[in-house]
Amino acid sequence: MIIWLYILLALLVGVLAGTLTGLSPGIHINLVAVFLLSSSLFLLKFVSPIVLVVFIVAMSMTHTFVDFIPSIFLGAPDEDSSLSVLPGHEMLIAGRGYEAIILTLYGSIFSLIGILILSPLFIMFLPKIYHYVVRIMPLILILIAGYLIFSEKENSKKIWTAIIFFLAGLLGILVFNLNMNEPLLPLLTGLFGTSSLIISINKKQTIPQQKITHLKTKIIKKSSIAKSMLASMIASPLCSFLPGLGSGQAAVIGSEVTGDLNRREFLVLLGAINTLVMGLSFVTFYAIQKSRTGSAVAISKLLPNLQFKELIIILIVILISGILASFLTILIAKFFSKNISKINYSKLSIGILILLFIISFAISGILGLLVLIISTFLGLSCIFLNVKRTTLMGCLLLSTILYYLV
């Protein structure tokens with residue numbers, strides 16, 4: 001009986017921790033997981049490994065719900081929510097930042113059902129098909145990269161898209177070969193976060209009064225939600241068990257598979273993929289003993305031989321923490337919506353910009369600061385050239401392609 005009380009407490013504390021990491025730019029769940037692992041020898045004297053696993057799962061799932069709030073309202077993304085900056089910021093400027101958060105929330109909530117649907121399929125089929133899928137993955141990624149470049153109608157646009165894609169790819173390759181902590185932090189922060197903040201500061205952007213839409217109000221068609229969820233269900237499984245692929249690439253894959261998505265559909269897609277990839281990474285570890293997220297790696301260290309009954313506990317924690325995170329996301333989004341227009345957004349943007357530089361330096365050192373500056377200039381170039389921001393995901397796609405080919 002006592003073990004279940006510990007598990008319940010770990011779940012609640014994990015939800016709180018995930019809320020804090022989700023709202024804190026630069027403080028990723030991976031950092032907390034690493035700290036927890038380093039303290040595990042001490043903690044395991046008092047609690048069972050499953051208690052620490054429950055904490056990690058609850059924290060990780062909550063983070064995927066909440067982390068869109070600083071991304072959309074403040075332009076300060078982490079690696080999982082970076083692509084939400086542009087469509088989310090457009091809606092924020094239109095007074096619909098709250099709706100943008102709710103759209104990502106739709107995706108995250110529906111993805112909880114998706115995790116339950118896909119989990120048995122993963123367990124049954126993943127061990128059998130894993131090696132075959134890996135063999136054709138370079139071809140799939142090359143086709144996606146080619147589509148990103150050649151889908152532009154104007155030849156001049158194709159040229160600039162190709163240049164931005166390969167520059168981002170080269171930058172990604174260089175960054176991953178540097179000896180620094182959390183290389184994705186300064187890389188993606190510069191490409192998507194600080195570049196957007198500089199544009200806002202330059203335009204002396206003001207944020208209008210935000211409209212808080214009642215949850216019963218229809219803000220997106222059911223067919224659009226279905227389209228976004230279909231895209232996420234196609235793309236997320238690949239990114240849950242293949243190395244080098246994350247939520248950003250899954251969003252690119254999903255959006256291209258189902259055709260052009262409008263900004264509302266894209267936000268639903270991002271919310272769904274963010275949560276699906278995280279949840280399925282735990283199932284993937286059980287199925288093929290491969291860890292594709294920092295949280296799954298931490299669990300693999302605590303429970304190297306994950307049993308089916310422990311997987312069931314993890315799935316239950318995913319559902320409960322997701323439900324709790326939904327209510328917390330709504331409450332926090334309302335708070336931001338009511339207060340964001342009262343703040344001088346240009347001064348706020350400057351403050352966040354300075355904070356992101358400080359965080360990058362503190363976590364990734366002087367090299368991280370250099371990467372942040374270079375990636376910021378590349379992100380600005382993408383904006384000024386009117387190239388799709390998804391092209392910047394070449395920073396991960398190109399390195400992943402080379403990973404398979406070399």
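This is a predicted model: local features need pLDDT of at least 70, side-chain atom pairs count only at pLDDT 80 or more; totals for chains, interfaces and linings use all residues.
How much of the chain's accessible surface belongs to carbon and sulfur atoms? The share is 71%, out of about 17,500 Å² in total.

View 1. Of the 406 residues in the chain, 57% are buried. Take the contacts between residues at least 6 apart in sequence: 82% of them join residues at least 24 apart.

**View 2. Helix α4 meets helix α7.** Residues 49-66 form α4 and residues 97-150 form α7; their axes come within 9 Å and cross at roughly 145 degrees. On the α4 side, the residues involved are Met 61, Thr 64 and Phe 65. From α7 come Leu 105, Ser 108, Ile 109, Leu 112 and Ile 115. Sort the residues of this contact by type and you get six nonpolar, two polar and no charged.

**View 3. Inside the largest nonpolar core.** This core holds 89 residues, and the ones touching the most other members are Val 57, Phe 282 and Ile 318. Helix α12 (residues 263-288) supplies the largest share, 16 residues.

**View 4. Zooming in on Ile 318.** Leaving aside residues up to four places away in sequence, Ile 318 touches Val 57, Met 61, Leu 112, Ile 115, Gly 279 and Phe 282.

**View 5. A second, separate core.** This one has 18 residues, among them Ala 168, Val 371, Cys 382 and Leu 396.

Notes
Residues are numbered from 1 along each chain as its sequence is written. Side-chain values use heavy atoms; hydrogens and water are left out. Axes are lines fitted to C-alpha atoms, for helices over the stretch in contact, and angles run from 0 to 180 degrees between N-to-C directions. Helices (H or I, at least four residues) and strands (E, at least two) are DSSP runs, numbered from the N terminus. Contact means heavy atoms within 4.5 Å. Ala, Val, Leu, Ile, Met, Phe, Trp, Tyr, Cys and Pro count as nonpolar, Asp, Glu, Lys and Arg as charged, and the others, Gly among them, as polar. Buried means under 20% relative accessible area, exposed over 50%, partly exposed in between (1.4 Å probe, protein chains only). Accessible areas come from the Shrake-Rupley method with a 1.4 Å probe; for residues, only the protein chains shown count as cover. A nonpolar core is a set of buried Ala, Val, Leu, Ile, Met, Phe, Trp, Tyr and Cys residues joined through side-chain atoms within 4.5 Å.
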